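Thanks for coming. Please have the view open.

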Amino acid sequence: MAKGYLAIVLHAHLPFVRHPEHSFALEERWLYEAITECYIPLIWAFEALVNDGVPFRLTLSLSPPLLSMLTDEFLRQRYLRHLHKLLELTDKETWRTAGTPFFPLAQMYQARFRRVRDTFNAYGGNLIAAFKKFQEAGSIEIITTAATHGYLPLLFINPQAVAAQIAVAVKLYRRHFGYNPPGFWLPECAYTPGIDAYLKKHGIRYFFVDTHGLLFGSHRPRFGVFAPVFCPTGVAAFGRDVESSKQVWSAKEGYPGDFDYREYYRDIGYDLDLEYIRDYIHPDGIRINTGLKYYRITGKTEYKEPYVPEWAREKAATHAGNFMFNREHQIRYLTRFMDRPPLIVAPYDAELFGHWWFEGPQWLEFLIRKIAYDQKIIELITPSDYLRRHPCNQVITPCPSSWGNKGYHEVWLCGANDWIYRHLHWGADRMVELTNRFPESSGMLRRALNQAARELLLAQSSDWPFIMATGTMVEYAVRRFKTHMANFIGIYRQITENRIEDGWIEELESHNNIFPEIDYRVFAKD
């Protein structure tokens, strides 16, 4: 029998990006890259484990925007077009690199992208069906997060904004999986007291907070973050383990920075002659990542040597063994102070695995296999598994917190983005006003009210203030926020002035088509 538990949690999320008005949308590549480099390689790892009879339990959070994009036929077709161009490029690269040290790497990418295409087609372009298959097999537990990944503590000035973010997410999850989600990923692990009450209304049993969210709670947690606590509402809070997170997250001290791993920042989209690469980058000639990267990290200087997949694979296996070894020592130490097996919660952004850390899915598969073969110290578990085995836990109210820089709300509320919140709060108040004014509606009025709810939810995405704070793609984030707020204001005025423009509402429904079954009354006061 294992002496302790390890709960690996992968949070998969991308902002809702869909631009049919443009023939080429640079931001849509966020989705295409994630499918190619992260989601499908994770599916490969899970398939290999299931086929080999290796038991495992993981928690996977699939955000509503991601679910919506993965099931959007327009984006599926654009992805296939993107993949076709990648395959065309790899065919050219096998000719260009013949007789050079990069030829085996060009062949590797050629075979890899063909396999990506075959996997995508094997599931009929529906990757959600793949993850659902693993959930039904008992290997993963899929949970959800807020509707558009809204930063809930900063929306909580109007509680109905939080209620709507949760209710819409739960409804979409139920549409895809047939029942309410067992758990909830708080966007950015951001918590403030009271949010759990809205989770409880939907039967959600648990959520996650950062380490200090538990340690600085209303009472000192007896077992630190190595056992969950119950909020007074009865919803469980699981705290992140710092040590296991740092080993994987940190580019300097963690595994991804190893010199044998693939260098993310060297891509042929920047390295090769512009005329040669022009058809595979931005139509305006702006150089972008293609996904073909031929160098390993090598060292801390600009000098880079060719990537050697065999070395990287061996290093991934070594690092998986090291991670397991460290968790075993952690568990042995903790068992001396606890009356139950200690639980180590290790949450990560799913996109780290394969996109930023190319070898991440390999590492995860190696880790699962090593744990399964060891079967002495560690057992992989989900939060639901833990609560079934250990239903009695300490009652604590976690403190306001997030997993952002410095641990609180600074990233999402700073000089670069603070201006958005007066508009979001005004919008939430107006949306509540509309739902109370029109408790029943039909026809174009109902469609306009539903689209107003969509536009407000899209404006509430935590991705926009995050991008503004980090200084990357700021112009795009500002434009998206202003566009959705302008759309909301326009709909609000048309409704209140009784002059709805059918054609404009239909255009918005076509472009911003997230949450097709939304009911604007989720903003109604209880």
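This is a predicted model: local features need pLDDT of at least 70, side-chain atom pairs count only at pLDDT 80 or more; totals for chains, interfaces and linings use all residues.

**Aromatic rings and a histidine**

Tyrosine 173 is buried, and its relative accessible area is 1%. Keep that residue on screen, because buried here means under 20%.

What does tyrosine 173 pair with? Its partner is tyrosine 179, and the aromatic pair they form is edge-to-face. The centres are 6.1 Å apart, with 65° between the planes. The angle gives the pair its label, because planes over 60 degrees apart count as edge-to-face. Tyrosine 179 is partly exposed, at a relative accessible area of 40%.

That pair comes from a search of the whole structure, which finds 38 aromatic pairs. Some rings also group together. Tyr5, Trp185, Tyr206, Phe208, Phe238, Tyr386 and Trp403 form one aromatic cluster.

Next, charges over rings. Arginine 115 has its charged end over the ring of tryptophan 44, and the distance to the ring centre is 4.0 Å. For tyrosine 264, the residue over the face is lysine 293, at 4.5 Å from the ring centre.

Now the histidine. Where does histidine 82 lie? It is in helix H3, which covers residues 73-96. Is histidine 82 buried or exposed? It is buried: its relative accessible area is 10%, and the cut-off for buried is under 20%. Leaving out residues up to four places away in sequence, histidine 82 touches Arg29 and Tyr32.

That is the end of my part.

Definitions and conventions. Residues are numbered from 1 along each chain as its sequence is written. Side-chain values use heavy atoms; hydrogens and water are left out. Rings of Phe, Tyr and Trp (its six-membered ring) pair if their centres lie within 6.5 Å; planes under 30 degrees apart count as stacked, over 60 as edge-to-face and the rest as tilted. Buried means under 20% relative accessible area, exposed over 50%, partly exposed in between (1.4 Å probe, protein chains only). A charge sits over a ring if NZ of Lys or CZ of Arg is within 6 Å of the ring centre and within 35 degrees of the ring normal. Helices (H or I, at least four residues) and strands (E, at least two) are DSSP runs, numbered from the N terminus. Contact means heavy atoms within 4.5 Å.
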